[in-house]
Every structure is written in C-alpha cells, then in structure tokens.
Amino acid sequence: PLLPGRRRAMNRAAKFGVPLVFFCVAGLYGLQQFVGQKYERMDKQVRSMSERRFELQEEHKKLMERFGSDDFELKPLPPAPDDDGDDDDDEDD
C-alpha cells in the first residue's frame, strides 16, 4: 500500500539515482585507469633514465680504465686577461 506520490518518488529515485551512481562508479574506474597509465608511463621513463645513468657511469669507468687516470694533471685555468684598452663608451660628449 504505497501512496501514489511515494511510488512516483521511488520511481524517480530509480530513474535518476541509479544512472547517477553508475556514472560515478564508471567515472572513478575510468579516471583510475587514465591516471594509472600516466604514472606507469612516468615510472617507466624514470626507470629508463636511471638505467641510462647507470650505463653512463659504467662507460665512464671503462674509459677511465682504458685511458688511465695518471696520464693527465688537473691544472686551474689562468684568469682571463683584463682589457685596459679604451672601452669606455660612457664618455659620449
């Protein structure tokens, strides 16, 4: 014995509420898949960069062993010479 108004309200809830809940759940699932792929792609890129960095370190070690680190001496660069010429462009009279 539901009242006609009450039946209409339940019908309305089923008519609008069920699709709303369905789209919310489907949207959350879709966003999860989309964002998950984004982070998986970023993770893959970071892993490849770290592997490459590791490979570069190995290559550097191989080259240092090949050429030897005792063949050269580190020297500081001499300071740049000062130009004491007439570069004074401020004196435009």
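Are Phe-22 and Phe-23 buried or exposed? Both Phe-22 and Phe-23 are exposed, where exposed means over 50% relative accessible area, buried means under 20%, and partly exposed lies in between (1.4 Å probe, protein chains only).

The structure is a predicted model, in which local features need pLDDT of at least 70 and side-chain atom pairs count only at pLDDT 80 or more, while totals for chains, interfaces and linings use all residues. Residues are numbered from 1 along each chain as its sequence is written, and side-chain values use heavy atoms, with hydrogens and water left out.

**The chain as a whole**

The chain has one helix and zero strands, both taken from DSSP runs numbered from the N terminus (helices H or I, at least four residues; strands E, at least two). Buried residues account for 0% of the 93 residues in the chain.

**Salt bridges**

The count comes to two salt bridges, each defined as a side-chain nitrogen of Lys or Arg within 4 Å of a carboxyl oxygen of Asp or Glu.

| Salt bridge | N to O distance |
|---|---|
| Asp-43 and Arg-47 | 3.1 Å |
| Lys-62 and Glu-59 | 3.8 Å |

Asp-43 and Arg-47 both lie in helix H1, four residues apart, which is about one turn of the helix. Asp-43 is partly exposed at 40% relative accessibility, and Arg-47 is partly exposed at 45%. Lys-62 and Glu-59 are three residues apart in helix H1 and so are separated by about one helical turn, with Glu-59 partly exposed at 42% relative accessibility.

**Aromatic rings and the nonpolar patch**

A search of the whole structure finds one aromatic pair. The rings of Phe-22 and Phe-23 have their centres 5.5 Å apart and their planes at 65°, so the pair is edge-to-face; rings of Phe, Tyr and Trp (its six-membered ring) pair if their centres lie within 6.5 Å, with planes under 30 degrees apart counted as stacked, over 60 as edge-to-face and the rest as tilted.

Phe-34, Val-35, Tyr-39 and Met-42 make a nonpolar surface patch of about 420 Å², a patch being made of residues with over 30% relative accessible area and no salt bridge, where like charges are joined within 9 Å and nonpolar side chains (Val, Leu, Ile, Met, Phe, Trp, Tyr) within 5 Å. Phe-34 is found in helix H1, residues 4-67, and is exposed with a relative accessible area of 58%.

Methods. Accessible areas come from the Shrake-Rupley method with a 1.4 Å probe; for residues, only the protein chains shown count as cover.
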